[in-house]
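Have the sequence and the 3D view ready, and pick out the residues as you go.

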Amino acid sequence: MYSTPKNLWSLVDHLAVALKRHSFTRKQLEQFHAQILAGGLLRSAPLLTTFLSSCYRSQEPHYALLFMRNLPICIPSLWNSTVRLSLDSGLWPDFVGLYNGMLRSSVFPSKVTLSSVLRSCAAHGAAQLGESFHCQILKMGFELDVILQTGLLDFYGKVGDLRCARKMFAEMLQKDVVADNAMVSALSKHGYVEEARDLFDNMPQRNSASWNSMITCYCKLGDIGAARSMFDANPVKDVVSWNAMIDGYIKADQLLAAQELFVRMGTARNSVTWNTMISGYVQCKEFGKAIATFQEMRVENVKPTEVTMISLLSACAHLGALDMGEWIHDYIRRKRLMIDAVLGNALIDMYSKCGSIEAAFDVFDRLPVKNIFCWNSIIAGLGTNGYGEKAIDLLALMQEEGLKPDGVTFVGLLCGCSHSGLVSAGRSYFSEMYDIYGVTPKIEHYGCMVDLLGRAGLLKEAVELVKTMPVKPNAQVWGSLLRACQIHKDAELSKDVVQNLLDLDPRDGGNYVYLSNLYASLSRWDEVNVCRKVMIDRGVHKVPGCSSIELDGIVHEFVAGDSRHLQITQINLFLDEIAKKLKEHGHESNRALVLHDIEDEEKETAVSYHSERIAVAFGLMSTPPGKTIRVVKNLRTCSDCHSALKIISNVYKREIIVRDRKRFHHFKDGCCSCRDYW
Ligand code: ZN
Ligand code: ZN
């Protein structure tokens, strides 16, 4: 495919040009190799370097090693540049073999090579290997070379050996700004901030890296004020300084300050800046803003990376924004971004949290390499979506693939058994998890079991488990038990459970809600009122109910009795129509019970205006017939809304998927996947 030119020099040029162009297959590399041999070009070091670098670019490091080993003449500079090539390509394991090959050919590393070796050892945390290079440096008599001394100082600082770093620094006869910076960052990495500052203040010369080390140092220590003063005083601010400061604000939970800097940066922002801001919004649970920032990033033509995608998928998972999630998946495919285990896991999580379990499974199935996180995500996804049996099947498959289930796997599995009512399977996995798999059950596993037994009406067994569990039961465990008591109307047990809940934390708002729900279910309204009054007196914080629905990439959020939405008049008219239909189909809300069974929402608000109902109504009126409606709610859905949604799914012939705080409800043809227990 590459015709051989007539004279030697044009052959060299021809090969050099061809080799610089792209990456090659193994076969093409062999052809080039053959041309080099046939042309007698083994002494042309620049050409050979180009050839070797294309081996690395083509992900064929072994071919490079093979080539070097079989070279009939020894070119020390070529060995050195090959070692550096392997380091630059990040092919760390390959480097060791190559380095040994070089020594076997009696070629010693140059100073430049040693310095890049030290940098790589620092980056990979290869402490022992780095130390052996230190010996090598001493043996070769390079101990007074400033570049290598700085390299060693930086290496020791980064692998955590501050004592050696200090020693290197003290022994240096000449110090330049690079050495000072390395020492400043070694000190700040180990928390010696005052010493670092002292050194910084006394530096004869400072560059942007010096300032940035100090900014990062203060940010890491949480002294955001000091970091900001450094940032403001920095006369040589570069994009790294801005990014470090924005990141610092986000880690310190000061989103507004981060945002302010982000805006002020204007066109100086690079992809790191955008990623920092997007993942910051996700961390602070401002998911809508994360997505909006991404849209802005696209408008400004900044190329998103895998990191961006992972943050965005997490935002979509929280919001239940399936359309946006699908768009991102499509974008990943179009841009041919590699779907590795991390990105794959983010996709699986997004699809299962958006209730699209088939799509989650499809991603899972296509992943070439699945790690434990991927298996855990799909098992948990199947579990919360009500496919307990399938989750169990996967446990067996996972082991066939040679992976050992861990604690997280069992949470997903037990949760799946609970949501699908698989009592005996749940029981046996719970006992096997330690006996067979060696995983010690933790509080969350006990919580799942209490939930599973309680749901099945096995209250005695559930209580027994709570009493005998080796860890102190927490509010979730008692809460599950209380829920079971409510469903199965066991008043005696309830009182005991509530007392335990209140002993645990008298100020936890959730406990009062449980308690008042219990009294409400027993129609003991006086006690309900006392309970509510205590809550108000103690200033117990109530989270307002909030539901979101995504339409054409825009997430609409509603709270109970909402009036902020632009189309609220039409929505209210439609809600009235729904209310009429519900009445026709015999839906009669027990007002007294309902008002108190609502978890945290304002009890004064009429039930028909609960946030999930508004979101569903908005979805029904804004989407074509037959389209599935997906709503995400931050709290548990109330029993009145639950039975109303069942009827709505039947009357309007729509599948409605509501993800509440605990689980998924797939409403279809008048039934719900949770089988009325949640
Ligand atoms: Zn409700
Ligand atoms: Zn349900």
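This model is predicted, so keep that in mind as you look around. Inside, you'll find two cavities of 30 Å³ or more.

- Which strands each supply at least two residues of its lining? They're strand E3 (629-633) and strand E4 (656-659).
- Among the lining residues are Arg 630, Val 631 and Val 632, along with Ile 657, Val 658 and Arg 659.
- Sorted by class, the lining comes out as six nonpolar, one polar and three charged residues.

**The zinc ion**
- Which atoms coordinate the zinc ion (ligand 1)? They're ND1 of His 610, SG of Cys 638 and SG of Cys 641, sitting at 2.0 to 2.3 Å.
- Along the chain, these donors follow the spacing H-x27-C-x2-C.
- His 610 and Cys 641 link distant parts of the chain, 31 residues apart.
- You'll find His 610 in the loop between helix H34 (591-597) and helix H35 (611-622), while Cys 641 belongs to helix H36 (residues 639-651).

**Buried or exposed?**
- His 610 has a relative accessible area of 0%, so it counts as buried.
- Cys 641 is buried too, because its relative accessible area is 0%.
- The cut-off for buried is under 20% relative accessible area.

How values were computed:
Residues numbered from 1 in each chain as written. Chains lettered and ligands numbered in written order. Predicted model: local features only at pLDDT ≥ 70, side-chain atom pairs only at ≥ 80, totals over all residues. Heavy atoms only, no water. 1 Å grid on protein atoms, 1.4 Å probe; cavity = no way out; pocket = protein on both sides within 12 Å on 5 of 7 lines; lining within 4 Å. Points joined across faces, edges and corners; volume = space filled by probe spheres on them. Helix = DSSP H or I, 4+ residues; strand = E, 2+ residues; numbered from the N terminus. Nonpolar A, V, L, I, M, F, W, Y, C, P; charged D, E, K, R; others polar. Donors = N, O, S within 2.8 Å, 3.2 Å for Na, K, Ca; no water. Buried < 20%, exposed > 50% of the residue type's maximum accessible area, 1.4 Å probe, protein only.
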